[in-house]
Structure formats: structure tokens, C-alpha cells
Amino acid sequence: MASASSLFLASPISTAPRTRTPATPFTLSPARPSLRLRQQPTAVAAALQTEHQPAVAAAPKPKPPALPFRVGHGFDLHRLEPGLPLIIGGISIPHDRGCEAHSDGDVLLHCVVDAILGALGLPDIGQIFPDTDPRWKGAESSVFMREAVKLMHQAGYELGNIDATLILQKPKISPFKETIRSNLCDLLGADPSVVNLKAKTHEKVDSLGENRSIAAHTVVLLMRK
Ligand SMILES: [Zn+2]
């Protein structure tokens with residue numbers, strides 16, 4: 001503090017702001033006007049006013065420019081219950097159980113929707129399509145996908161690429177993987193070269209590995225049009 005004070009006294013106006021730490025204005029401010037006023041009341045008051053104007057009366061910040069790229073992550077998990085249809089990526093998959101959900105329980109599409117919404121900085125799928133709304137009861141998740149894609153275009157973005165991972169113990173997804181990916185491409189209006197789909201088991205551990213649930217992760221990159 002001693003050095004700050006001596007610097008301040010030696011060069012009261014021009015040097016002080018540049019040599020202080022960000023915290024010092026709050027601790028030194030009460031003392032500064034009185035010190036300065038004893039020396040050059042008018043000039044110092046004017047200088048202080050000018051000096052503080054940008055911080056105190058700053059003009060509203062201009063809107064930041066739209067980002068050239070935006071990244072989003074989606075995650076979803078559903079409980080599997082016997083007797084329900086299993087829909088993944090809009091495709092019906094033969095299995096002895098399916099997803100418990102308000103809509104059709106399509107874990108992959110929900111996850112992709114959330115990734116797109118996340119990239120756009122929007123609320124998640126549960127907020128935009130709440131499960132308390134009877135309109136979405138039993139709804140096909142392709143409805144949510146089309147809405148997310150529409151929001152993406154309205155915001156001025158298009159799909160860069162997408163990478164999704166399904167996690168389930170049963171059934172084996174490989175026979176259906178290309179059909180699922182193809183449907184995903186159609187819903188996204190995207191070339192297959194930018195839509196990747198992986199599937200893995202959960203090593204027979206936890207609910208995922210015990211065929212009691214199914215989950216998916218998605219990362220999406222959007223590009224400014
Ligand atoms: Zn879901």
C-alpha cells in the first residue's frame with residue numbers, strides 16, 4: 001500500500017490507475033478524492049469523474065457476434081419395462097421390453113434433440129416438450145427432432161457433424177445400426193458422412209448392463225450458415 005500511495009502522490013492522475021491491482025480502487029477510492037482535492041480540487045475532481053465514467057456509466061454492451069460454431073452435448077436414459085415397444089432412432093427393435101416414457105421413449109432421438117438444443121443455448125427437451133403436456137403422450141419422437149432442426153435453422157445454423165453412442169446390454173444393435181443411422185440422417189436432413197452412431201454394452205453392470213435401462217450420449221457441432 002505504501003508504494004501505491006507514493007506512486008499516487010507522485011503522479012496522481014495518469015499513473016495510479018495503471019499501477020493498482022484490480023482490488024485497490026475499492027480500498028483506495030475513499031481516500032483519493034480528499035488527497036487530491038487538497039492539491040487541485042477542480043482538476044482532480046474532473047479527472048476522477050472522467051477516469052471513472054467508463055466503469056460506472058458504461059454504455060450497454062453490444063450484442064456479441066454470432067459464433068461460427070456451436071457445440072452441444074445430449075444425454076438420455078430410460079428404464080426398460082417388459083411388454084413395451086423398444087424404439088431407437090425411430091426404428092422399432094424386437095426385444096422383450098421397451099422404454100418407460102411419456103412419449104415413445106426413443107432414447108437416441110431424445111438425446112440428439114437435447115444436443116441440438118444445448119448447442120443453441122436453449123432449454124432442454126423436458127422443458128420444451130414437458131411430460132405433463134397431454135399433446136406429447138405417446139408422441140413419436142420424430143416430432144421433437146423436426147422441431148429441434150427447425151429451431152437450429154431459425155437460429156442461422158446447420159449441422160456440422162454428430163456423434164452418438166447408444167449404451168445397452170440387449171439386444172444387439174448391429175443388425176439395425178445402418179437403418180437407425182439412415183433414419184437419423186433423414187430427420188436431420190444430413191449427409192450420412194456427418195452422422196455417426198456407435199453402440200456398446202455396459203459390461204453387465206448396473207441397470208444398463210442388467211437390461212433394466214438404456215442410455216445414449218450425443219455430441220453435435222453446428223456451423224453458422
Ligand atoms: Zn428420453
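Let's start with Lys150. Lys150 is partly exposed, at 43% relative accessible area. Here, buried means under 20%, exposed over 50%, and partly exposed in between, with a 1.4 Å probe and protein chains only. This is a predicted model, where local features need pLDDT of at least 70, side-chain atom pairs count only at pLDDT 80 or more, and totals for chains, interfaces and linings use all residues. Residues are numbered from 1 along each chain as its sequence is written, and side-chain values use heavy atoms, with hydrogens and water left out.

What does Lys150 pair with? Lys150 makes a salt bridge with Glu147, with the closest N and O atoms 3.6 Å apart. A salt bridge means a side-chain nitrogen of Lys or Arg within 4 Å of a carboxyl oxygen of Asp or Glu. The two sit three residues apart in helix α8, so about one helical turn separates them. Helices (H or I, at least four residues) and strands (E, at least two) are DSSP runs, numbered from the N terminus. Glu147 is partly exposed too, at 26%.

The count by this rule is seven salt bridges. Another of them joins Asp163 and Lys198, at 2.8 Å between the closest N and O atoms. That pair links distant parts of the chain: Asp163 is in strand β5, Lys198 in strand β6, 35 residues apart.

Now the metal. Which residues coordinate the zinc ion? Asp76 (OD), His78 (NE2) and His110 (ND1) do, at 2.0 Å. Donors are N, O and S atoms within 2.8 Å of the metal (3.2 Å for Na, K and Ca); water is not among the atoms, so sites may look incomplete. His78 lies in strand β1 and His110 in helix α6, 32 residues apart. Both His78 and His110 are buried.

Stay with α6. Twelve of its 13 residues are buried, so the helix is largely enclosed by the rest of the structure. Just after α6, Gly121 takes a positive phi of about 75 degrees.

Last, the core. The largest nonpolar core has 45 residues. Such a core is a set of buried Ala, Val, Leu, Ile, Met, Phe, Trp, Tyr and Cys residues joined through side-chain atoms within 4.5 Å. The largest share, ten residues, comes from α6. Leu166 is among the residues with the most contacts inside this core. Leaving out residues up to four places away in sequence, Leu166 touches Ile88, Leu108 and Leu197, among others. Contact means heavy atoms within 4.5 Å.
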